Amino acid sequence: MNLRQVYLDNSSTTKVLDEAAQTVFDIMTVYFGNPSSLHGKGIEAEKIMKQAREKVAQVLGVDPGEIYFTSGGTESNNWAIKGAAHSLRRQGNHIIATYIEHPSVLEVFKALENEGFKATYIKVNKEGFIDINELKNSLTPETILVSVMYVNNEVGSIQPIEDIAEIIKTHNKNILFHVDAVQAFGKMPLVPNLKGIDLLSLSGHKIYGPKGIGALFVRDKVRIEPLLHGGGQESGLRSGTENMPGIAGLGVAAEACFNNMINWQSKMQELKKYLKDGILKEIPGAVLNGPEIGAPHILNISFLGTRGEILLHALEAKGIYVSTGSACSSHKSGTSHVLRALGKSPEEQDSALRFSLSPFLSLDDMDYTIQVLTEEVKEIRKFVRR
């Protein structure tokens, strides 16, 4: 008898859509040309890449020429921040981020601080939203870059990106605004035409596309230094033979998300509310982390009297897959920097689980999860609590 499986770790990675997987296979076996080659196979590949770029641009509401393919969200964040900081260093050396950014932003900021840049980190409230006034007061004549995550990957808080952009550009239109949209892209409508945003990062494997592919939106006329030098691909800004299977797969996944966005967003919101309400009703000592509503696919809850890692494996034994936080930092020791920034107690941090949804789950899956959670939390508390 096969164990029932409920995959609730879609913020870490998603199952690839059948049509995206088929496209990846076709590119690897049939349309396998190098887009830099001048012969027919190369021209064929170049055309496929152009179509994928157009599909990604359509979701964002921008020009295809402003889309540059990368290896994923981490590279996009690194390139945007390092490239912008180094490009603008003569104009200033002050950079701003928030305390709840992804490690691929925070670690880059630390690296830049070691190079002599000055960094300011904006606090968040208990629901994970930044203080707009603190951001406004942090801007100085030396500020050259602000980086703010669109949707937090651990608690699902959605930052007021449009308002933030307006504050930044009112202060100084030359300050570059970078947005890590890895958890927002394809899941919800973004700022129309990315107004006020200069740089935006996204990833393929968060939207039912393949791993190892991402993109960076670079606003026309914005100049950032390349990380990679070599063959001059991607308009000379990102050298290296293009990952054609990944690019084509990303294009298919982005188009599917665009065409189904309203329905998929509504479905995930329904599932999230059902799961949240069920857990908080059935399990005493369950504490919601983050906003009441937030992103449609991310739910973070602490189960006091348990340990998140123990509970994770207990659920896994019953075919339910969740996480204790960001997959990019879950193998490191220590608690979540995001929950710490929200002012959560050590016990709340240590007992937290993240449930991240997809539109391909059902209410029956939620019922099963609530039932198993209720049983396992009760059992674990017998041993953890004294």
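Guide: In this predicted model, the largest nonpolar core has 67 residues, and Leu60, Phe69, Tyr150 and Phe177 have the most contacts inside it. A nonpolar core is a set of buried Ala, Val, Leu, Ile, Met, Phe, Trp, Tyr and Cys residues joined through side-chain atoms within 4.5 Å. Buried means under 20% relative accessible area, exposed over 50% and partly exposed in between, with a 1.4 Å probe and protein chains only.

Visitor: Which helix gives the largest share of this core?
Guide: Helix α7, residues 244–282, supplies 12 residues. Helices (H or I, at least four residues) and strands (E, at least two) are DSSP runs, numbered from the N terminus.

Visitor: What about α6: which of its residues are buried?
Guide: In α6, residues 161–171, the buried ones are Ile161, Ile164, Ala165, Ile167 and Ile168. They lie on the same side of α6 because they cover an arc of only 165° around the axis, the arc being that of the directions from the helix axis to the C-beta atoms. Glu166 and Thr170, on the other side of α6, are exposed.

Visitor: What do the buried residues of α6 pack against?
Guide: They pack against α5 (132–138), β5 (143–149) and β6 (176–180), where contact means heavy atoms within 4.5 Å.

Visitor: And how many helices and strands has the chain?
Guide: The protein chain has 11 helices and 12 strands.

Visitor: How should I read the numbering and values?
Guide: Residues are numbered from 1 along each chain as its sequence is written. Local features need pLDDT of at least 70, side-chain atom pairs count only at pLDDT 80 or more, totals for chains, interfaces and linings use all residues, and side-chain values use heavy atoms, leaving out hydrogens and water.
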